[in-house]
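Hi,

Here's the structure I promised to pass along. Have a look at it first, and then read on for my notes on what turned up.

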There are 2 protein chains.
Amino acid sequence: MSSAYQKLHNLSKTTSLLNAVHYLLDWDQETYMPKDAIESRSLQIEMIASIVHKQKTGKPFSRALNALIDIETGEIKDERLSPAQLAALREWRRDYLRAAKLPNSFVKLFAKTTSSASHAWKTARDHNDFKAFKPYLEKVVSLCRKQADILGYTEHPYDALLDLYEPDAKTSMLTPLFSKLKHSLTELLREISEKPPIADEFLYRHCPAQQQLAFAHKLLHQMGFEPSSSRLDTSAHPFCNGMHPKDTRMTTRIHPDNIMSNIGAVMHEGGHGLYNADLPVEQYGSPLGQQVSLGIDESQSRWWETLIGQSHSFWQYFFPLLQKEFPQQFSNVSLDDFYRAINIVKPGFIRIEADEVTYNLHVVVRFELEKALIEGTLKVKDIPDAWNDKMQEYLGIRPKFDGQGCLQDIHWSLGFFGYFPTYTLGNLYSVQFFNTFESAHPNWKNQVAQGSLGFIRQWLKENIHQFGRQYTPPQLCEKVTGKPLSQDPFVNYLNKKYRTLYHLTPTL
Amino acid sequence: MSSAYQKLHNLSKTTSLLNAVHYLLDWDQETYMPKDAIESRSLQIEMIASIVHKQKTGKPFSRALNALIDIETGEIKDERLSPAQLAALREWRRDYLRAAKLPNSFVKLFAKTTSSASHAWKTARDHNDFKAFKPYLEKVVSLCRKQADILGYTEHPYDALLDLYEPDAKTSMLTPLFSKLKHSLTELLREISEKPPIADEFLYRHCPAQQQLAFAHKLLHQMGFEPSSSRLDTSAHPFCNGMHPKDTRMTTRIHPDNIMSNIGAVMHEGGHGLYNADLPVEQYGSPLGQQVSLGIDESQSRWWETLIGQSHSFWQYFFPLLQKEFPQQFSNVSLDDFYRAINIVKPGFIRIEADEVTYNLHVVVRFELEKALIEGTLKVKDIPDAWNDKMQEYLGIRPKFDGQGCLQDIHWSLGFFGYFPTYTLGNLYSVQFFNTFESAHPNWKNQVAQGSLGFIRQWLKENIHQFGRQYTPPQLCEKVTGKPLSQDPFVNYLNKKYRTLYHLTPTL
């Protein structure tokens, strides 16, 4: 390996190590930190973030990068590098240009504004008081529009923001994709709504927290996690923090009267966790050791949470174990009834509680609104009405107060415009990838029904995880599936699964 | 407050915040970190330590400091500052001179050498193989002698190392102090050894871990800790990490068959914890918001562990609670028998398991050896024999293998020469402080016997904690007790307590 490349990798590794420290500060804050420590914790995080920003944009790094790739033109200066290394340079340059474009003064103002806005959001949500949040959100939206201008775009200002989370995603690609998806989902939902509801009251029987945790550990063990390189803790909102492939921290939430909330969270965060654990450790600190995008990362979590964790095969193995752990709660429930119950489709107000069919309609609502906000065709003051109208139109229900409507998510208060679409991209990627997986393992259901999950992890590692950011999301999609991303595989999957479940006429 | 002073304080605060991040990395490593993460954790710690060292010795800090105090001469440049601020400048200058004296190359070599040595120590200890450790320790001793030369001294090279842990401590002061102490302790121990042993087998009855932890939380609660600003976890070796006055992290160890090991650890770390929690929060980041020295810090832990936690009054209140929590184990034990058992005196090989009478003899052994090593009058190869001879002479027992002798402590492998004496200084300070406390609260025993501990915390806060490093250890001792440090109060305390306990003739 060229010594110039090694030098760049080493510099970048120091940044990754500091980022990992940032993640630990976050993890600790959500799990074990005494609450009165929040003020000093915020200062610690601010300080680490500022050092990271300086490292990412400082002369030593830019000089090392420019020695291998012309930062301005993107022209490669060392032709002996491997294709993977060339891809790493492309990504390093992408990150550098993005970080260097934002002046320090803007970064600080953005951090300060979103910090106040997220505090204001919490209070506003608890009091269903959008008006109190409005002036804060107006400032954030204005800053995000400014951010788009600074970062630059060729087609649409929203592209500049999307690119922060999903490199190379374009509004012009998402708009028709989401539109077609919306059409298919609302149609399927309409048909399901006409069918009698599925019984699921047994899912809400009391299951003690300690036993739920023990079951969660069994799931993670079966997915292939080892306690020597991973942890599961509890927090208000489940998350996965990958500090290093050898240090994967996942959390879940335990509601004693809703065991599936915990199981879903564990499978979801476990999916993120396997992606982190199976990144190539020798590439730590380089783009080749990082997740491709939020969308691809979400495809991994949804893969395990829904495609595996809500499949009949999975519960053929795990339902008897669940019954053994919770005999009082589940011994009189059949596997088929359980399977139908965990896949119930029911329009609700809250995105994070939504089923597979309605989930992406929640995302579409947000995508359409934030795109309009960034374009300037929607005013912040008009958000509640616009939100409620769209909920009515797509899901057939209208929030009664803003806490179950436009105040439910923290994202906008933090300035995360362009983030929501990655949730849906994750779902679409997951199924499109799964179809390729299914061709390679036509017998997967039998294996999963016997509790074998290792071959799935192996397939994901070989086809996705091992490459880090060598391929952009669209390139990876083509490489794995042979086709660009489309809503069709996902829609077909839902139709096949839910038309059977709800005894509907199959689609042609 | 002068803006130059405020600027200096702000710069220093950034260093304290980064140090707190370092403490969190340490805390996490000992409590929750998956073990395979150790390699990346070491790199994270190395990076934070290096940034801290740069901040402490960099131009921005030295310029801000030099604007207020001439770094070379110590002359104050701003006469409007308060006495506390002048003291802070003195301490900032002390820290700066020390950090700036050590060249970066030396710091790195020291870190690398002690890192290998501590790894080698662990293996050597487990195999009782001093010879394998010898070459590593020789390098460390040689570096520590070099360190003393770089740091400088006027009387004795060991002074330069002592000063790292106990500012202004001198070998010429410690040598006679420790010598007199040794004389008194060996005499008391000799008399005790002639008495029949105290029964204590009930202390080793099985007490389940979860219940032990619950009792530990009760103790900390009674000492005044709140879960909103402190935590108790478990680790292989108990410690207290104060990241901020609002974030005190203590750990204990639980041996189900030795409950006093846990209780002693909790009271000990609780003592350190209260010192951290009661430092003036508005002084965070300045020397006025820091512990005076390791010796003074240890006086706080030993105060709670021994003077309070092994007192009869304390257990008048807590023994019934212990009996209630563990009726099978303690209902047939009397308070008096319990009190005698937890204060049993019995020479042993291991320092950290030693009683109040023998503990400081262990420290004297180490003090005498490390002083000779730094002087150059003892060779590393001769340590085992020298150690065993001293153990024989002072404690009347001779280690059979080096794991229970000179290989038991990690300190030397880490290059911590000059650290051990602070353990004994802590014991001496604690009793000398306690005598002043007793004059102010002659009724303390009755209050403690009723479970009241808040007035003790308050006294420590007002007399010690609130000042941070405004006074040096000798100054603080004079201020609190009106006298310089002496071994007499401690020796008198031991004689009074243990002559009663063992029915010996009182001293005159």
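Let's begin in chain B with a cysteine: B:Cys406 is buried, because its relative accessible area is 6%, and buried here means under 20%. Keep in mind throughout that this is a predicted model.

What is the closest cysteine sulfur to that of B:Cys406? The one in B:Cys144, but it sits 16 Å away, which is too far for a bond, given that a disulfide needs the two sulfur atoms within 2.5 Å.

Next, a pair of helices in chain A. Helix 10 (residues 259–277) packs against helix 11 (residues 294–308) at an angle of about 135°, and the two axes are 7 Å apart. Are they parallel or oblique to each other? Oblique, because angles only count as roughly antiparallel when they are over 145 degrees. The crossing of helix 10 past helix 11 in chain A is right-handed.

If you want to click through that contact, the residues on the helix 10 side include A:Gly264, A:Met267, A:His268 and A:Tyr275. Facing them from helix 11 are, among others, A:Ile296, A:Asp297, A:Arg302 and A:Trp304. Taken together, the residues of this contact between helix 10 and helix 11 of chain A come to five nonpolar, six polar and four charged.

Two loop residues are worth a stop as well, since each has a backbone angle to check:

- A:Asn128 isn't a glycine, yet its phi is positive, at about 50°. You'll find A:Asn128 in the loop between helix 5 (104–126) and helix 6 (130–151) of chain A, and it is partly exposed, with a relative accessible area of 33%.
- B:Asp168 isn't a glycine either, and its phi is positive at about 75°. B:Asp168 belongs to the loop that links helix 7 (157–165) and helix 8 (171–193) of chain B, where it is partly exposed at a relative accessible area of 35%.

Where is B:Asp95? In helix 4, which covers residues 83–101. B:Asp95 counts as partly exposed, with 22% relative accessibility. Between B:Asp95 and B:Thr57 there are 38 residues in sequence, while their C-alpha atoms are 9.4 Å apart in space.

That's my list. Happy to go through any of it with you.

Cheers

Conventions
Residues numbered from 1 in each chain as written. Chains lettered and ligands numbered in written order. Predicted model: local features only at pLDDT ≥ 70, side-chain atom pairs only at ≥ 80, totals over all residues. Heavy atoms only, no water. Helix = DSSP H or I, 4+ residues; strand = E, 2+ residues; numbered from the N terminus. Buried < 20%, exposed > 50% of the residue type's maximum accessible area, 1.4 Å probe, protein only. Axes fitted to C-alpha atoms, helices over the stretch in contact; angles between N-to-C directions. Parallel < 35°, antiparallel > 145°, perpendicular 65-115°, else oblique. Left-handed = near helix turned anticlockwise from the far one by under 90°. Contact = heavy atoms within 4.5 Å. Nonpolar A, V, L, I, M, F, W, Y, C, P; charged D, E, K, R; others polar.
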